[in-house]
Amino acid sequence: NSKIKKLTDLISKRHIKELLLPTLEVVNLYNYIQLIDKEISNLLSNKKITTKEGDSSFIKEVLGKLFKTLSGNTVQISWSHGDFQMANILTREKKFKVIDWESANKRFYLYDLYILEGGIRSGVSLKESIEIFREKISFSKIIIMNEDTISLLLIEELRFCINEEYSENFYAPGFKIKQICESILNYLNE
């Protein structure tokens, strides 16, 4: 639908202009990895949450493989909504309001655009969402869709899912995490 595409384009452009670019910073890859390792370790060691045996080691194995695919020395991060999908964007005419900011955090700067444009939250597979995003941003002269970009998007998607499932709101996490980890491994092995 062309109306939805125009609205999505408008939302993306404003999000870039008002949140992503003003908060964009370059961090050392080592510091980025340490930040994620610490965050994930804290979540997985929370005694209030029941974890399935082997979840922690499987998650750390997948993250380790993703980290090893990164070839650069730095990562561009910015403040991010985290769940930037149409279900969290209220629209009326040409005005919109983004809701549900509980997952806001500093992430790889393209993650919000990947969520919105790639359709991962709408039931599209991980592989399909990467291809959809690649197609939608192919016109961009400033976004480079290389293996590091894909790996950073996968790291952030896994990070988001872990934060969602391993919160005290769920108490018995692990169902979606196993699926996303397996999807990431399948993608890496293709």
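**Exercise 1.** How many residues does α3 have, and what distance does α3 reach from its first C-alpha to its last?

*Solution.* A word on the source comes first: this is a predicted model, in which local features need pLDDT of at least 70 and side-chain atom pairs count only at pLDDT 80 or more, while totals for chains, interfaces and linings use all residues. Residues are numbered from 1 along each chain as its sequence is written, and side-chain values use heavy atoms, with hydrogens and water left out.

Step 1: helices (H or I, at least four residues) and strands (E, at least two) are DSSP runs, numbered from the N terminus. Step 2: α3 has 15 residues and reaches 22 Å from its first C-alpha to its last. Step 3: this is close to the 21 Å expected at 1.5 Å a residue, where the expected span is 1.5 Å times one less than the number of residues.

**Exercise 2.** Identify the buried residues of α3 and decide how they are placed around the axis.

*Solution.* Step 1: with buried meaning under 20% relative accessible area, exposed over 50% and partly exposed in between (1.4 Å probe, protein chains only), the buried residues of α3 are Asp 55, Ile 59, Val 62, Leu 63, Leu 66 and Phe 67. Step 2: these residues lie on the same side of α3, because they cover an arc of only 140 degrees around the axis, the arc being that of the directions from the helix axis to the C-beta atoms. Step 3: Ser 57 and Lys 68, on the other side of α3, are exposed.

**Exercise 3.** Describe how β2 pairs with β1 and with β5.

*Solution.* Step 1: two strands pair if DSSP finds at least two bridges between them. Step 2: β1 (residues 25–28) and β2 pair in the antiparallel sense over four bridges, and Val 26 stands opposite Gln 76 in β2. Step 3: four bridges also join β2 to β5 (residues 105–108), these strands running antiparallel, and the bridge partner of Ser 80 in β5 is Asn 105.
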